[in-house]
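Here are my notes for you to read with the model open in your viewer. Take them point by point and find each place as you go.

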Amino acid sequence: MDRRKFIELSSWISTSLWAPQFIKALDLPRSSSRSGSNLIIIQLSGGNDGLNTVVPFTNDIYYASRPTLAIEKNSVLKLDSDLGLNPALKGIKSIYEQGQLCLINGVGYPNPDRSHFRSMDIWHTGSGSERTWETGWIGRYLDSMCNGCDTPHHVLEIGDDLNLAMKGNDRKGFILSNTDTLEKTTRSRFIKKLAQEKAPSPHELTNYLYKTMVETVSSAEYLAEKSKAYASPITYPNTKFGRDLKQVAQLITTDAATKIYYVSLSGFDTHAQQLGTQTRLLTQYDEGLSAFVDDLRHHQLFDDSLIMTFSEFGRRVKENGSRGTDHGAANNVSLICGKLSRPGIYNPADGLEDLDNGDLRYSVDFRSIYTELLNSWLEVDAKEILKASYESLGII
Amino acid sequence: MKDFLKIKHFLNRAGFGMNPENYRIFKNSSFEQVVHTFFEADTRPLIYEEMGDESHRSMQTQEEFLKKRKRNIKNTAKVRGAWIERMIHVENPLIERVSLFWHGHFACRIIHPGLATQYLNVLRNYGMGGFKDLVLAMAQNPAMIRYLNNQQNRKGNPNENFTRELMELFTLGRGNYTEQDVKEGARAFTGWSSNLKGEFVIRPFFHDNGVKHFLGQQGNFGGEDIINIILNKKECATFLATSIFKYFVNEDLEQDKISSIADLLWNNGFHIGDTLKSIFLSDWFYDDVYVGNKIKSPVELLVGVCRQSGTQKINLSGLQYLSKAMGQALFNPPNVAGWPGGKKWIDNATLSMRLNIPTLFFNNPISKKLNLNVEHQLSKIDEYILDDQQDPLEAIANFILNSTEWNKNQLLMEIINNVFGSDQDPANLAIGLMSTPEYQMC
């Protein structure tokens with residue numbers, strides 16, 4: 001086929017809005033007043049080794065269990081008399097010292113599952129290990145008709161495939177790798193035609209597809225416009241994670257109508273040769289996050305931005321035969337914000353004396369953290385969204 | 001074409017859509033004839049993939065293990081590719097479509113090529129016969145046993161995972177059994193395991209030989225007995241009927257239709273082939289309300305595009321990449337509940353990808369990531385399907401799209417006429433139509 005003709009064709013096809021009359025182009029808020037707080041979730045995929053992230057540097061069992069992997073006492077960035085950070089986390093240490101980090105130890109759930117897929121699903125859905133749920137906790141937040149929840153990009157994931165966490169029954173989060181790419185694939189030539197289309201489809205699902213398409217194009221235009229207005233003196237590291245966080249910053253600082261951002265960093269499944277890999281990844285994490293926090297500070301938005309970092313499970317206490325660790329259970333979670341009610345170390349770390357078959361036991365159910373975020377930060381009814389009550393933690 | 005709309009609908013639901021060859025062959029057939037033709041099944045095993053003998057596994061080092069795992073994943077992709085290729089090329093895809101249904105029903109994640117082939121062949125060989133035989137074959141399938149941890153189900157130390165999913169997701173549905181039934185049922189399946197040669201074995205030392213109380217009956221039940229008891233419950237027929245209705249007819253469940261399908265199953269000994277044939281021969285199946293009302297799954301969409309365009313050759317890895325990106329990686333369902341389907345296929349990224357599939361296929365873009373290298377016959381599309389009497393636009397749109405009312409979408413009509421009307425190129429028209437939201441429906 002004639003290539004030139006086809007290029008013309010594809011610009012029509014991938015961008016045109018062939019929408020029934022009753023779907024109008026969305027009226028998205030363009031006001032300049034601050035819309036409120038933001039929640040940023042950072043997912044470390046693969047099961048980050050918590051014990052080498054938050055190191056119990058006075059614990060003999062730790063050193064005895066990890067002859068090649070344990071972090072040397074002198075290298076640890078000390079937080080208090082017993083716990084310190086992996087040496088790669090200099091930026092995080094600084095945030096801690098400024099009272100803007102809350103570290104929660106022993107986060108998990110009953111009957112931990114050590115499969116990546118299952119455990120990640122459990123964290124994404126809040127189901128617990130006995131059940132399989134098909135909607136994510138953030139998806140159900142969207143379904144709950146919260147204020148602004150009907151904006152297509154109210155929840156935004158930076159990535160390629162929308163995670164289960166963001167899929168509700170009726171609503172879903174919006175996914176993009178960056179606003180440039182998104183805009184290129186959705187450049188509209190027919191937006192004016194939208195309002196003129198007279199005949200809707202007889203099938204509800206076809207209309208749903210049109211609606212999604214319209215929203216995608218509208219959101220794409222809007223988000224690209226916002227991104228372009230970004231101005232900042234901060235330099236981000238030239239890593240994918242750095243670029244992803246920069247994209248988030250571009251939208252937060254220009255007040256895009258997005259409430260929740262979701263970013264992932266993968267590669268933490270360190271069954272062999274753990275030290276090099278984890279150091280590299282934690283460095284990427286630390287440098288990216290530090291730049292992001294600096295950017296928020298510069299724009300005076302750090303008090304209104306809450307960053308949660310988690311992983312789907314921790315790893316076993318004892319190292320394996322390949323200088324690595326295998327899948328474990330409980331792990332630590334960090335909450336970072338300019339203003340926290342209870343910064344510092346929330347609860348004591350596991351003493352490692354009473355392990356669950358070689359794994360850390362949980363003392364905080366991760367759904368308590370979600371409860372805190374939903375009730376106190378997002379101001380919605382956590383019980384309805386999580387389908388159960390969990391103790392609040394009083395951190396926010 | 002005589003029974004055009006009905007044949008097209010049948011081919012959409014029982015196969016992967018109508019291709020130009022179908023049009024040529026079935027031009028003067030009645031839809032009943034086409035249905036009957038399709039039920040003359042082809043159950044050749046897919047391909048023979050060496051199972052391999054993993055007996056020496058415990059002596060491997062971690063590095064050897066990881067290397068072998070990587071190779072297995074790569075070769076499983078080949079099995080996946082072979083299945084997709086068969087879906088594209090086989091004249092009668094009924095078995096493949098039904099197997100795809102069963103793969104979603106008996107969802108299983110497999111990363112070994114021998115186990116993948118074995119699992120797939122079980123679905124293909126048992127999938128059109130008696131449901132009881134299929135359930136038993138699945139309960140004894142090594143891939144399924146491992147996926148649902150029945151290897152660890154031992155006397156005195158039961159693992160309920162397989163039994164629970166058997167009852168909740170495969171046969172009865174929640175509310176039709178108690179937790180105690182799950183516990184007792186699990187005891188009957190103790191010792192049902194597989195060896196490192198990929199063979200089903202019952203390990204007698206691990207099998208619980210005591211009396212079990214299951215769904216109101218008692219006895220020293222083994223796994224087969226449990227399955228027999230389950231299949232003697234009308235609820236099982238209703239559950240299966242619901243699954244069949246949802247996949248082949250409509251996402252919105254209708255109790256009266258489901259009831260009659262359940263009765264069919266109950267009365268014909270749960271014979272799947274006969275039940276499906278009966279549905280496809282029923283007039284109500286061809287009601288407007290059921291035509292073009294389902295969102296195609298990624299595999300249906302991709303295979304459908306290949307078949308409709310007469311694609312002879314395509315890069316199977318590229319196809320798998322797209323399928324996975326749209327949310328459906330064969331042998332890798334998101335969880336044991338399979339793929340939820342319907343609206344759940346669609347988010348802003350997957351929809352954009354779907355609408356761009358024809359561009360990716362037929363524009364031969366030079367892409368580092370994705371070179372599909374499609375060899376197709378779109379330029380001949382008019383040779384196959386245009387009658388003298390017909391308006392070319394109408395003929396091609398009727399062939400490509402499944403909605404009965406596409407011509408009422410005026411904007412669509414305008415664009416078609418403006419962009420394609422000028423040069424009257426049927427291939428362009430076909431590609432354009434395949435890039436619409438309407439094309440996602442079947």
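1. Let's start with a term: a salt bridge here means a side-chain nitrogen of Lys or Arg within 4 Å of a carboxyl oxygen of Asp or Glu. Keep in mind that you're looking at a predicted model. Counting over all chains, you'll find 23 salt bridges in the structure.

2. Go to chain A and pick out A:D359 and A:R114, whose side chains form a salt bridge with N and O 2.7 Å apart. A:D359 sits in the loop between strand 11 (344–345) and strand 12 (364–365), while A:R114 is in the loop between strand 5 (101–108) and helix 4 (116–125), so this pair ties together parts of chain A that are 245 residues apart in sequence. A:D359 has 0% relative accessibility, so it counts as buried. A:R114, at 29%, counts as partly exposed.

3. Now look at another pair in chain A: A:E215 and A:K211 make a salt bridge, and their closest N and O atoms are 3.1 Å apart. Both residues belong to helix 7 (residues 204–228), 4 residues apart, which is about one turn of the helix. With 18% relative accessibility A:E215 counts as buried, whereas A:K211 counts as partly exposed at 43%.

4. Over to chain B. The side chains of B:R187 and B:D208 meet in a salt bridge, 2.7 Å from N to O. B:R187 is in helix 10 (residues 179–188) and B:D208 in the loop between strand 2 (200–202) and strand 3 (212–214); the pair links distant parts of the chain, 21 residues apart. Are these two buried or exposed? B:R187 and B:D208 are both buried.

5. Salt bridges can join up, too: B:E160, B:R164, B:E179 and B:K183 form a network of them.

6. Zoom out to chain B as a whole, with its 21 helices and 4 strands. Its radius of gyration is 23 Å, close to the 22 Å given by the globule rule for 442 residues, so chain B is as compact as a globular protein of that length. The C-alpha trace spans about 75 × 55 × 35 Å along its principal axes.

7. How much of chain B is buried? Of its 442 residues, 58% count as buried. The accessible surface of chain B is about 17800 Å², and 47% of that belongs to carbon and sulfur atoms.

8. One last thing on chain B: take contacts between residues at least 6 apart in sequence, and 73% of them join residues at least 24 apart. As for charge, chain B has 48 positive and 49 negative charges, and their mean positions lie 9 Å apart.

Notes. Residues are numbered from 1 along each chain as its sequence is written. Chains are lettered from A and ligands numbered from 1 in the order in which they are written. This is a predicted model: local features need pLDDT of at least 70, side-chain atom pairs count only at pLDDT 80 or more; totals for chains, interfaces and linings use all residues. Side-chain values use heavy atoms; hydrogens and water are left out. Helices (H or I, at least four residues) and strands (E, at least two) are DSSP runs, numbered from the N terminus. The radius of gyration is taken over C-alpha atoms; the globule rule is 2.2 Å times the number of residues to the power 0.38. Buried means under 20% relative accessible area, exposed over 50%, partly exposed in between (1.4 Å probe, protein chains only). Contact means heavy atoms within 4.5 Å. Accessible areas come from the Shrake-Rupley method with a 1.4 Å probe; for residues, only the protein chains shown count as cover. Lys and Arg count as positive and Asp and Glu as negative; His and the chain ends are not counted. The place of a charge is taken as NZ of Lys, CZ of Arg, CG of Asp or CD of Glu.
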